[in-house]
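Biologist: Before we discuss any labels, could you put the model on the screen, so that each term can be set against what it rests on?

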Amino acid sequence: MAGRSIRPYTVLPRLPDRLRPLQTLAYNLWWCWNADAVALFRRINPDLFEALDHSPIRLLGATDQSRFEELERDDGFLAHMDRVAAALDHYLNAPTWYQDRHAGDEARIAYFSAEFGIHESVPVYSGGLGVLAGDHLKSASDLGLPLMGVTLMYREGYFRQYLNVDGWQQERYPENDFFTLPLTLEVGKDGAPIIVTVPLPGRELALKVWHIQVGRVPLYLLDANIPQNKPEDRGITAQLYGGDHHTRIQQEIILGIGGIRALRAMGKMPTVCHMNEGHAAFTGLERIRLLIEEHELDFATAYEAVKAGTCFTTHTPVPAGNDAFPVQMIEQYLGEYMAGMGIDRGGLVALGRQHPANEQEPFGMTVLALKLANVSNGVSKLHGSVSRRMWKELWPELPASEVPITSITNGVHTQSWLAPEFAQLYDRYLGIQWEERPTDFAIWKRVEQIPDGELWRTHERGRERLVALARTRLRAQLKRRGAPPSEVEAADEVLDPDALTIGFARRFATYKRGDLIFRNAERIMELVASKDRPVQFIFSGKAHPQDRGGKELIQRVFQQSRKSEFRKRVVFIEDYDMSVARYLVQGVDVWLNNPRRPLEASGTSGMKICGNGGLNLSILDGWWVEGYDGDNGWAIGAGEEYTDLQYQDEVESRALMDLLEQDIVPTFYKRDANGLPREWIRRMKRSVMSLVPVFNTNRMVEQYTETCYVPSHRRAAALSANQLAGAKELATWRRRVSSEWPQVRVESVEAPTADTLRVGGSFPVKVRVNLGSFKPEDVEVQLCHGVLDALGDIADPKTVALAANGGSSGASVLFAGEVSCRSSGQFGFGVRVLPKNQYLAHLFEPGLVTWG
């Protein structure tokens, strides 16, 4: 019908009045983490619900009217529906943790992420980053945070995966049908759709705003596919992580600049912005621009006000994984945009460089985010340490351990990943408060009271479901590839629902080493071929379309699964998504994770198995360094790091096989007279008790609230009060400190000359500092002390603030204090001076340190 005028119209299902609550439930994604709500929709038509990616919207649209008439007369279904509707109403109106803890803080938090994985029926996610963001929203809803999510509405989302006959990954990009998603269009007071624009070279790009409700929390999605835009521009929001550098920077302009403009247009301007990865760093520039425009400020003042209310989370432990653009591209896309902000080309470029004078350095989005945020964090303790080393050049005068990047370890939304049978089991033995208080160790301690047999049978049902899914998916995969009928039929014999089942599923990147288990082919063949103690493996995952190394990894795993020795014991499930992930984490006995340390920033897939009775077998990287206690799973190696990667693969593959052969397989198959693996079950209980209350997003979001959101809101409010008087004062102070700090110098340090001290004692230190034009209250003089390493450095310094003792002579001021000797060993100390201001998030933020 090219060239003809098409007039669109929308057809909605006609629900009887008595069934109207189904519509309300379908449009709030709370249903996807409430097992009773999922069961309600499944009850309408189980096969159809399965076929339609578990989408209530599509289910209601595809259900015959006669079926609705049957349900209207079904008292059991109506009672079920009313119960779920009442549960949603109670959830939305019940008191919350945030109300109890922070009722007086009128914060409004905006959480920006390039993807959100909330449920497979809303395919605007690719993997771990998005699923974490989705779980973040769910826990923010549970806790009652005043938080909003912001992302893009991808017309095609992330690719769907299939493998050809050689096992090479192929991609297809089916379009999302917006009218079968739980989307509502944001409209203004006049009823017209809200449209905002963002600047692109030579034009303005128009954006429509969609809304998805996630419990108590809204998620706003920006869409460029509207008639106001040129055809080539309408495709900018087509694919997640698709296209070239130009597509990426355009999407990041939409997310950052467009996201702020959309919130402002809806009257929801945030007081705190959380940038989840560097993709969202342009949010800070737009907020600065708005402040300059509305309050006639200079750039420096607006920068202080925005920085105080900005948080940043980095997820990438290697420099190459952080977005960076050529400076010419930044000038092309942001040159005109920045012209009215009182900042020149050099000032703009400096915001994205570690070394502003280095003309060869590109413009880094992570660097921009770090400079715009008052609080930054990695996603595990180890990743925090790695990030501090990576970005140390932004604070060159500090040891890496003191670089102001903290860590908040990731978690998972427990209810979203828990098998319904386990939820019922916990209700019986833990009480119902485990859902509202998932971080309470005392509640999870009650897992010890669950009878071993009941726990084991509950876990076995998950394994049986996983094997059934794997067989079904394998049949479909074989049919699509044109396999002979005999091979398709043989798929029903693949895997054993009683065998030790090991899962490996995640993004296939080379550092994750998906084929490491096959490095010792003969040893692994013996395990899978055993008649008495068989082991089986289920793999799944996608490689980025442009990651040839990741695709080759998938191909090698696929080709191993096709060997006759492995055909019944190794399966690769195509098109990994949240639905497949749920089956896996609810069904495996062991979750295998073998990245090259320290390249796994956190990882969350292994956290999802814990509540379902699975055990982790992992390299001591990411979260597992914190989670492993020696008795709640297994560690491959002892946290070593290698420079020879081939040697590392050899050593760690052997260590992996040793664990399987000598510990894991024997423990799983050692049964008592009742057929129960008592030692295995003991480890299962230990895993649940020690890991579930820690590695969940309720704990994580509470930590973000106390460490990032509330302090940032309060700092921003303080700087914005009285016509931004605090921001103006801080900007003036920073200019003065930057220009006059070179005057500050340490003139002398007095300490006892004896080099031997006794434990329990202390020694005095006096430091004379020439402060130049500064006063003692403008600085903090610190004594840094600690154990000396082999190079004579203090690797992990402790600090003591020295006090001005009145001994001053003009600009020269005496500071004094003492150091306690709490343990024996070889120690050292140093003295430094830092600028101090009440409005700073931390003393290191200005990056100015004078050592003496």
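Modeller: This is a predicted model, and a place to begin is Pro598, which sits in the loop between β18 (590-593) and α25.

Biologist: What is the peptide bond from Arg597 to Pro598 called, and with what omega?

Modeller: The bond that joins Arg597 to Pro598 is cis, its omega being near 5 degrees.

Biologist: Why are helix α22 and helix α27 called roughly parallel?

Modeller: Helix α22 (residues 521-529) packs with helix α27 (residues 645-669) at an angle of about 25 degrees, and their axes are 10 Å apart. Angles under 35 degrees count as roughly parallel, and therefore α22 is described as roughly parallel to α27. The crossing of these two helices is left-handed.

Biologist: Which residues make the contact between α22 and α27, and how do they divide by class?

Modeller: From α22 the contact takes Arg523, Ile524 and Leu527, while α27 contributes Arg654, Met657, Asp658, Leu660, Glu661 and Val665. By class, the contact of α22 with α27 comprises five nonpolar and four charged residues, with no polar ones.

Biologist: What makes a space a cavity and not a pocket?

Modeller: A cavity is a set of points where a 1.4 Å probe fits but cannot get out, whereas a pocket is an open set. The structure holds six cavities of 30 Å³ or more, and the largest cavity has about 80 Å³ of space. Its lining includes Val412, Trp417, Met607, Lys608 and Phe695, and the elements that give two or more residues to that lining are α17 and α25 (605-610). By class, the lining of the largest cavity has seven nonpolar residues, three polar and one charged.

Biologist: How much volume does the second largest pocket have, and which residues are the closest to its centre?

Modeller: The second largest pocket has a volume of about 1,500 Å³. It is lined by 47 residues, of which Trp33, Asn34, Ala35, Gln415 and Glu435 are the closest to the centre. Among the helices that each supply at least two residues of this pocket's lining are α2 (35-44), α17 (414-417) and α29 (697-740). In terms of class, the lining of the second largest pocket consists of 22 nonpolar, twelve polar and 13 charged residues.

Key: Residues numbered from 1 in each chain as written. Predicted model: local features only at pLDDT ≥ 70, side-chain atom pairs only at ≥ 80, totals over all residues. Heavy atoms only, no water. 1 Å grid on protein atoms, 1.4 Å probe; cavity = no way out; pocket = protein on both sides within 12 Å on 5 of 7 lines; lining within 4 Å. Points joined across faces, edges and corners; volume = space filled by probe spheres on them. Helix = DSSP H or I, 4+ residues; strand = E, 2+ residues; numbered from the N terminus. Nonpolar A, V, L, I, M, F, W, Y, C, P; charged D, E, K, R; others polar. Axes fitted to C-alpha atoms, helices over the stretch in contact; angles between N-to-C directions. Parallel < 35°, antiparallel > 145°, perpendicular 65-115°, else oblique. Left-handed = near helix turned anticlockwise from the far one by under 90°. Contact = heavy atoms within 4.5 Å.
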